Amino acid sequence: MSQYIVVYSSLSGNTEDIADLIGEGIKSTGHEVTVKDAMDCNASILKEYDAFCIGAYTWGDGELPDEFLDFFEEMDELDLTGVCAATFGSGDTTYEQFCASVDILEKKIVERGGTITQPGLKIEYSPTGDERELCQQFGINFVSHVKSC
Ligand SMILES: Cc1cc2nc3c(=O)[nH]c(=O)nc-3n(C[C@H](O)[C@H](O)[C@H](O)COP(=O)(O)O)c2cc1C
């Protein structure tokens, strides 16, 4: 059994919903998963797990939220060579840079040597209806990609 972690930042709960659903998807495959707020951990925690998903909402003009900045900087200390990961986040399509945080996080993972298993998951506001299944499926797909990653 592998150990997975999902780390997120969320101000009004939308990205937290996505994180929880991804966690449910991973759990449904029979693996262990921890879901954590980025404010409650240091990025070094990622190395304690077999694979991880990280996500944040987008703030300002296509920026990472303040709550994720410490964690983001701490990632510079990590060697993620051989580690599989994926990113997700919530945004609003009326902004020019929809869900830019998802791409910023993906770039950082690649910079640190990690392997991105699948395209980042971008959801408008909170996942509803089919989107909830999409989030769970993202977690299920993540596990199957990690096996061959
Ligand atoms: C001041 C402000 C700036 C924002 N900038 C962006 C942006 O550049 N791109 C985007 O996709 N969404 C942007 N958003 C929308 C939020 O990312 C969106 O409401 C998201 O669902 C919040 O997620 P949360 O509930 O996890 O905090 C912005 C929202 C606010 C209030």
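A residue counts as buried when its relative accessible area is under 20%, as exposed when over 50%, and as partly exposed in between (1.4 Å probe, protein chains only). The model is predicted, so local features need pLDDT of at least 70 and side-chain atom pairs count only at pLDDT 80 or more, whereas totals for chains, interfaces and linings use all residues. Residues are numbered from 1 along each chain as its sequence is written, and side-chain values use heavy atoms, with hydrogens and water left out.

**Figure 1. The aromatic pair of Y57 and W59.** Rings of Phe, Tyr and Trp (its six-membered ring) pair if their centres lie within 6.5 Å; planes under 30 degrees apart count as stacked, over 60 as edge-to-face and the rest as tilted. By this rule there are three aromatic pairs. One of them joins Y57 and W59 in an edge-to-face arrangement, with 6.0 Å centre to centre and 85 degrees between the planes. Y57 is buried because its relative accessible area is 10%, whereas W59 has 46% relative accessibility and therefore counts as partly exposed.

**Figure 2. S144 in helix α4.** Helices (H or I, at least four residues) and strands (E, at least two) are DSSP runs, numbered from the N terminus. Helix α4 covers residues 130-147 and contains S144. This residue, S144, counts as partly exposed because its relative accessibility is 41%. A polar atom of the S144 side chain lies 3.0 Å from the backbone oxygen of N141. Between the C-alpha atoms of S144 and E106 the separation is 19 Å, and these residues are 38 apart along the chain.

**Figure 3. The span of residues 4-143.** An unreviewed UniProt entry places the feature "domain: Flavodoxin-like" at these positions, residues 4-143. UniProt positions follow the numbering used here, feature names are shortened, and annotations may be inferred rather than shown by experiment. The end C-alpha atoms of the span lie 9 Å apart, and the span is 36% helix and 23% strand.

Figure 4. The chain has four helices and six strands. Of the 149 residues of the chain, 47% count as buried. Along its principal axes, the C-alpha trace spans about 40 × 35 × 25 Å. With contact meaning heavy atoms within 4.5 Å, 78% of the contacts between residues at least 6 apart in sequence join residues at least 24 apart.

Terms used. Polar contact = N/O pair within 3.5 Å; in protein donor to acceptor, adjacent residues only side chain to side chain.
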